[in-house]
Amino acid sequence: MELYLQFGYGMKKNVIELADKWGETTVILSPRDIEPKSLETWCKELQKHNIKLLFDPQCYYPHSNHKKLDKYGYHTLVNYTNLGTNGNEEIEEDLLRKVKYYNDISNTYEYILPGIIVQNLDDEWFRKNEVLIKKSKEILYDKQRIMTIALSKNSLMFNNEIVEKIIEKTEEWEIDGYYIVSEHPENKYLVDDAVWMTNLLDLCAGLKLQGKKVILGYASHQFLCCATTKIDAIASGSWLNVRIFKNKFTDEDDQIARRNIWYYYPQALSEYKLTFLDLAFNNNVLNRMKPDSNLNDDYAKVLFSGALPTSTSFKESDAFKHYLNSLKYQTEKLTKKTYKETLSAQEILLETAQRNIEFNRKNGIYAQDRDFRDCVDINLAALQILDRNRGFVLGREWNNI
């Protein structure tokens, strides 16, 4: 499993710096955050730094009002009722030709087909997607095609009937892969719904076992557990709005509020404000929170230089780069040669996180709403159910998917 960068507000400079450090890197472009007139220039600059590009059309909420998306000329064409309707084939053709145009400008290596959020994934939703896929074979014929599966927050809750239906229906789709985006329950950054997490893992595994490429978009460190499904990549970014999928495609949501600086403690899967790092410093336990030396990460080094963390030069951009660099390291290390080894690595990761979280809490060091303590049980439960339901097949097919 790889880490892709989910492009968002103000990420260009950080993306280039990380790509220079990592070598080859994949970035999923966001038309919400790039003006059409800047797209070609930006893409040429990014590709000079060995960055491979994908273009997410971001048609999830076609009735949303967002001035940058509207400038691309296809966002307002799309709605659930007109796609896939007899006599309206020109709508799909116009939409896909515009998607192709911006992919050509961006020099992407694969196409991401647009997907729309609906509350109910009924037979009509599947039919309309099938029509779009069929049309895409005629227009987007020169690269592999990745279909967007965009899910409302209710789609993965309560039971797994929707997941079973998606897996059954997609068996017949002539497509090369899937780009999954799913709203979180209650728009929470860290998901505390075990059914939702269990169904997401089941969906990832089911699609991957079809032999298709699978990318999970708008992801955080909580989704490191997807390594057990052998998906190809998770995509994450700097601000929370590119680590959690929700409707941010209106002008009202376009402002980035001033936020606290958070330090990601990889061995605890938790993030801490600098004021709590000050408490750790005063209690002589800060050095326990150093990232693994194998991370090759200088971004957070200053926090452990012997000075009070809030008095150091650790900036917001350093926090973002440290988070993404840590996530890349963890992503690469968690996929093992066999399914059982990969599952075991996940269990060790979660058990280690739990011990480190509890140690910090006993010493008055709290991660507040970014504490992973409750998510340890959520992820463990999801992994255990995945192992029960699909472990045998994943183990058998591990080197073939």
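Q: Before any volumes, what counts as a cavity here?
A: A cavity is a set of grid points where a 1.4 Å probe fits but cannot get out. Its volume is the space filled by probe spheres set on the points. Keep in mind that this is a predicted model.

Q: OK. How much space lies in the largest cavity?
A: About 140 Å³.

Q: And how many cavities of 30 Å³ or more are there?
A: The count comes to 3.

Q: Back to the largest cavity. Which residues lie nearest its centre?
A: Arg-243, Asn-260, Trp-262, Phe-320 and Arg-370. They belong to a lining of 16 residues.

Q: Which elements give two or more residues to that lining?
A: β9, residues 262–265, and α9, residues 316–334. The helix α9 gives the most, with 4 residues.

Q: What's the lining like by class?
A: It has 9 nonpolar residues, 5 charged and 2 polar.

Q: Switching topic. How many disulfides does the structure hold?
A: The number is 0.

Q: So where is the nearest cysteine sulfur to Cys-43?
A: It is that of Cys-59, 17 Å away.

Q: Is Cys-43 buried or exposed?
A: Buried, with a relative accessible area of 1%.

Q: What about Cys-225, which cysteine sulfur is nearest there?
A: That of Cys-226, at 4.6 Å. Cys-225 is in no disulfide either. The cut-off is 2.5 Å, so 4.6 Å does not make a bond by this rule.

Q: Is Cys-225 buried or exposed?
A: Cys-225 counts as buried, at 1% relative accessibility.

Q: Now the strands. Why is β1 called largely enclosed?
A: Because 4 of its 5 residues are buried. The strand covers residues 2–6, and the rest of the structure largely encloses it.

Q: How does β1 pair with β8?
A: In the parallel sense, over 4 bridges. Strand β8 is residues 233–236. Leu-3 has Ile-234 as its bridge partner in β8.

Q: And how many bridges join β1 to β2?
A: There are 2, and the strands run parallel. Strand β2 spans residues 25–29. Leu-5 stands opposite Val-27 there.

Q: What does the chain cross through between those two, and with which hand?
A: The chain goes from β1 through helix α1, residues 12–22, to β2. This β-α-β crossover is right-handed.

Note on methods
Residues numbered from 1 in each chain as written. Predicted model: local features only at pLDDT ≥ 70, side-chain atom pairs only at ≥ 80, totals over all residues. Heavy atoms only, no water. 1 Å grid on protein atoms, 1.4 Å probe; cavity = no way out; pocket = protein on both sides within 12 Å on 5 of 7 lines; lining within 4 Å. Nonpolar A, V, L, I, M, F, W, Y, C, P; charged D, E, K, R; others polar. Buried < 20%, exposed > 50% of the residue type's maximum accessible area, 1.4 Å probe, protein only. Pairing = 2+ DSSP bridges. Right-handed = clockwise from strand over helix to strand, strands pointing away.
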